[in-house]
Amino acid sequence: MFTAGAESLLRQAREIQDEELSRFCTRVTKLLQKDPGAEAADALRRLFLVVSATKYSRRLQKPCVDLLQTTLCSPTCPEQLQLLSAAILREMAPSEGLVLACDHVQNSRTLSLVASVLLAQGDRQDEVGRVGRHALQLLEARLPEGLGPRPLLPVLSKVVSLVPGALPEAQAEQLHRRLVDWLRYASVQQGAAPPSGGFFSVPRARQPGLVTEVDGAMATDFFTVLSTGHHFTEDQRLNVQVFSMLRAWLLLSDPTGGADTDGDDHSELEGSTLSVLSAASASASRLLPPRQQLRAGAFEYCQRLLDQSSRRALRRGDAELQRACLVEAVLLLDVLCRQDASFLYRALSCLKSLLGRLRGDPAQARALLPIARFLLGHGEAAAVDAEAVCLHLLDSVPAELFPSPMLAFELVQFCRDSLHLCGQDLGLFQLSFPNLFKLLAWHSPALTAEFVDLLPGLVTTSTAVEMLHALLDLPCLTAALDLQLRSSPALSERPPWDISLRPTSCLEGFRDPQFQGLFQYLLRTKAGGPPERLAPLHRLLQPMAGCARVVQCAAAVPVLLPVFFTQVTQVANGALTAQLALVLLERGGSLFQVPHYEARVHRVMSSQLLALFRLRPALVVELARDLLRFVGSVSSIGSRDSMFEAVVWAIGEYLAVTHDRRCTVEQVNRFFEALEALLFEVTQSRRSATHPPCPPQVVTVLMTTLTKLASRSQDLIPRASLLLSKLRALPQGPAGGPGDEDTDIIRTRATELTNLLKMPSVAQFVFTPVTEATTPHVHRNAHASLHLSLCTVSRLVDREASLLPT
């Protein structure tokens, strides 16, 4: 979030008009034409803020744009002005007014700035290729003193990322050799200390010492990013830069997509010549083609990093750097083994010893993720089982380290990306969904989009009902995790608490043996067993319902429920569909009372309940007892009016012999009597209340369903007509009053339904049409039988209508 001052500056920059911007461009042009200094730099910073504060591109005056390009390319211009000019020109991209060219730029730092502007324009007229070729030419030339090749490497990396294969093969091979030299043969001597500049300073004649390891020992092998020292040389800085871009470079610089093109097939791992050569000394690796030399050098570099990561760092910053380099080294080994299978066996031997060291260290949990991904991707080829590593990651890590946001994000990404590696064998991931839901419950805003992609792979027919309960109880899980953290004294790093919340009673309940079983079920790590009723926990945790983290988690549930049902309906059988429908009926009145949570979830549940009935209409007959219990009380409406409408509509739509031959007249009569009593109760309460307690759409759905049922059982027509006639005579509310419009809607609907019941055969045809009549064209076609029937009934029941055609 920006501060108030920053917000004010951004607002002013966005609101500046074109006329004022033109005047400011004129001022910038005058400042750049004179001897540019601090005032010109301040003006360029303001101009950059203006052009970057809006989503649309700002138009600058042509003299100003031309002068910015001149300033950018001027060798005598201060570097600060060059940086600001390049930033402004990049923000204007793509622009038609640029005349920049990189062909005559011989300064590596200037070329990097010019290239950033040109590459932002896109690949117009092979501009990307020209930038890359010129950068390679400048890299091969002898650069002046103080101008190293470091600014050129990001340019080449960007060129390859924009247009893979844009660099000529001969030049790319030469670059590969240079990268190997920088990566493998950097000096192990520390750089000389820069002169202090003092009057009495005397340069030291003593030779700088060797770089050291993170544990303080002298380095005895080649320089890596984990080597430490007081001062570094240019080739050591190049070494660090090459390693930082190496994985992306290997992926992008190979136009074949990862397959080795420098030699023959290398699938025979132990018997190939390349395997022997790459295992030999650095001098033997010179016999390999350039790209293979780079891979061999990168593999040796990764081995060195894995060895350095086992040393105990003296400083905390070095320990964090160790973990980051360890992750990058394993990811790089994965790329190397995919591009050249000859590295696979030696990489596995390194990773096996690494696993034994990391598995017992919670601080190294993030490093286990790329190792598990490596084993999943290559385990089948090397006959290695990755299940033990994945089991540790899915069992211990989410349960103990869920407060870590970075670890949670990376673990969910690992699960999402690993689904295609496991094929059909997803049992380990699917059974671990309660543990993964802890990450979602604690970091829901950041992980909701990731779980939209992950959730379909976790749904199975055996755990679908349990997963639905877990999704509905997700806000309750967030509160339970909060209590678990608050009651744990062993955590050294605790998340920031909501200071306005003092859940004393909740903490006492968390430690109460009476609730221990429910909390253990809610915080379980594996799926399995019958779902528990968590209503007592809902009441216990109610003081935490307003906690910000709980409210954020509740907002994710309506997003994930449709994803769950979309997947489960593709694999569900009849029994599972019935179970899911029962869960929706039951849980509609048993949700954690988070603000606005019930209304949002009920809307989703009602739509999904209709989808289940549409998928299997026989559910109305199979669940007749449960549906009668649901619609048999006014309390079922309450805050669940959307679900009540869905259930009543499904009864009227699918309780018919055409959908299920098990439907009997007795069942139709039972449903009619229950709905008739309910409709009478809600309409009588409307008469005596100033504000109607029941929404008019619920009343109209009840009326329509009763009419449908009456059309299927002729004995019920008189009772339905009598009830509808009472509703037609519903007293009008006061003029302009709150119930006036609602009463009109009910009376109009009652009149329409009464008219249809006057022709029972037509009513049955309209309310229970044959399958062919449910297609949309039947309702739009004026010559179709359904449309003609409705028109005929309208004419017959209207006393003033003529039977003659108009």
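A: We may begin with α20, in which Phe433, Pro434, Asn435, Leu436, Phe437, Lys438, Leu439, Leu440, Ala441 and Trp442 are buried. Please keep in mind that this is a predicted model.

Q: What does the secondary structure of the protein come to?

A: The protein has 39 helices and zero strands. As for contacts between residues at least 6 apart in sequence, 72% of them join residues at least 24 apart.

Q: Which residues does leucine 419 touch, not counting those up to four places away in sequence?

A: Contact is judged by heavy atoms within 4.5 Å. On that basis leucine 419 touches Leu426, Leu454 and Gly457. Leucine 419 belongs to helix α18, residues 405–422. Between leucine 419 and glycine 457 there are 6.9 Å in space, C-alpha to C-alpha, although the two are 38 residues apart in sequence.

Q: Is leucine 419 buried or exposed?

A: Leucine 419 is buried, because its relative accessible area is 14% and the cut-off for burial is under 20%.

Q: Which classes of residue make up the lining of the largest cavity?

A: The lining of the largest cavity has seven nonpolar, one polar and four charged residues.

Q: At what angle do the axes of α5 and α6 cross?

A: The axes of helix α5 (residues 79–91) and helix α6 (residues 108–120) cross at roughly 10 degrees and come within 9 Å. Angles under 35 degrees count as roughly parallel, which means that α5 is roughly parallel to α6. On the α5 side the contact is made by Glu79, Gln82, Leu83, Ala86, Leu89 and Arg90, and on the α6 side by Arg109, Thr110, Leu113, Ser116, Val117 and Ala120. By class, this contact has six nonpolar, three polar and three charged residues. In general, an α-helix has 3.6 residues a turn, so residues three or four places apart point the same way.

Q: Where is proline 94 placed, and what is the form of the peptide bond from alanine 93 to proline 94?

A: Most residues other than glycine have a negative phi, and most peptide bonds are trans. The bond from alanine 93 to proline 94 is cis, with omega near -10 degrees. Proline 94 lies in the loop between α5 and α6.

Q: What is phi of histidine 596, and is histidine 596 buried or exposed?

A: Phi of histidine 596 is near 70 degrees, a positive value in a residue other than glycine. Histidine 596 is in the loop between α28 (574–587) and α29 (597–615). With a relative accessible area of 60%, histidine 596 is exposed.

Note on methods
Residues numbered from 1 in each chain as written. Predicted model: local features only at pLDDT ≥ 70, side-chain atom pairs only at ≥ 80, totals over all residues. Heavy atoms only, no water. Nonpolar A, V, L, I, M, F, W, Y, C, P; charged D, E, K, R; others polar. Axes fitted to C-alpha atoms, helices over the stretch in contact; angles between N-to-C directions. Helix = DSSP H or I, 4+ residues; strand = E, 2+ residues; numbered from the N terminus. Parallel < 35°, antiparallel > 145°, perpendicular 65-115°, else oblique. Buried < 20%, exposed > 50% of the residue type's maximum accessible area, 1.4 Å probe, protein only.
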